[in-house]
Amino acid sequence: MDYFRCGKILTTHGIKGDVKVQVFSDFNRFEKGKRIFIKHQDEYVPVVVQSSSDFGKYLLVHFNGLDDCNAVKKYHLDDLFILAEDRKEELSEDEFYYSDLIGLPVYNQDGITRGIVKEVKELPQCDYLYIHYNNKNYYVPFLNEFILEVSDKIVVKELEGLFYEN
């Protein structure tokens, strides 16, 4: 099975089994009834969210059946995951997980190869595709003005100078 990291248990909170969670997802993975996996000592332990609430920039989460501090303290600093099958259903047609873009080939509007996506950088002005091409690295804004297609490849609208060679 494929798992995707969505958070990390930072500490316990109180005596009733609540944990403080750092969230690594834009989607609400911690709604009541959602299935999560705690990666504990190389094993994925399935749990179900009983409740969650905002706690500053973190969440306080309570899992079904883990009802006291002793039941959850062994998970201190463990990562939280969801299954790949659970994450696909949340996307609309024009949304993408950045991890799915990494490794995709990039072509311009004329079908000419322009490299491979190495990572996606989230910057204040917009997100950028970090593309490796001809032993150099290029940043392409991940905006509709530049991205024409995303499927098993990415097609970019290449404006003059975008992949400029000195």
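Author: Let's start with a term: a residue is buried when its relative accessible area is under 20%, exposed when that area is over 50%, and partly exposed in between, with a 1.4 Å probe and protein chains only. This is a predicted model, in which local features need pLDDT of at least 70, side-chain atom pairs count only at pLDDT 80 or more, and totals for chains, interfaces and linings use all residues. Residues are numbered from 1 along each chain as its sequence is written, and side-chain values use heavy atoms, with hydrogens and water left out.

Reader: Thanks! Is His40 buried or exposed?

Author: His40 counts as buried, because its relative accessibility is 14%. You will find His40 in strand E3; strands (E, at least two residues) and helices (H or I, at least four) are DSSP runs, numbered from the N terminus.

Reader: Which polar contact joins the side chains of His40 and Asp78?

Author: A polar contact is a pair of N or O atoms within 3.5 Å; within protein, one must be able to donate a hydrogen and the other to accept it, and residues adjacent in sequence count only if both atoms are side-chain atoms. Here the side chains of His40 and Asp78 meet at 2.6 Å, and the His40 side chain also reaches the backbone oxygen of Lys74 at 3.4 Å. For contact in the wider sense, meaning heavy atoms within 4.5 Å, His40 touches Val45, Lys74, Tyr75 and Asp78, leaving aside neighbours within four places in sequence.

Reader: How do I read a positive phi, and what is the phi of Asp42?

Author: Most residues other than glycine have a negative phi. Asp42 has a positive phi, near 65 degrees, and sits in the loop between strand E3 (35-40) and E4. Asp42 is exposed, with a relative accessible area of 70%. Asn135 also has a positive phi, near 60 degrees; its loop lies between strand E9 (127-133) and strand E10 (136-141), and Asn135 is exposed at 73% relative accessible area.

Reader: Now for pairing. Which strands does E5 pair with?

Author: Two strands pair if DSSP finds at least two bridges between them. E5 pairs with strand E2 (residues 18-23) in the antiparallel sense over 3 bridges, with Leu60 as the bridge partner of Lys20. Strand E4 (residues 43-55) also runs antiparallel to E5, joined by 6 bridges, and there Ser52 stands opposite Val61. E4 and E5 form a hairpin with 2 residues between them, and Gly56 in the turn has a positive phi of about 70 degrees.

Reader: Why is E5 largely enclosed by the rest of the structure?

Author: Because 5 of the 6 residues of strand E5 (residues 58-63) are buried.

Reader: In what order do the strands of the open sheet come?

Author: The order is E10-E9-E8-E7-E12-E11, 6 strands with mixed pairing. E10 and strand E11 (147-150) are the edge strands, each pairing on one side only. Inside this sheet, E7 and strand E8 (residues 113-122) pair in the antiparallel sense over 3 bridges, and Tyr107 stands opposite Thr113 in E8.

Reader: And what does Asn108 touch?

Author: Asn108, in strand E7 (residues 105-108), touches Arg114, Val155, Val156 and Glu158, not counting residues up to four places away in sequence. Asn108 is buried, at 5% relative accessibility. A polar atom of the Asn108 side chain lies 2.9 Å from the backbone nitrogen of Asp110.
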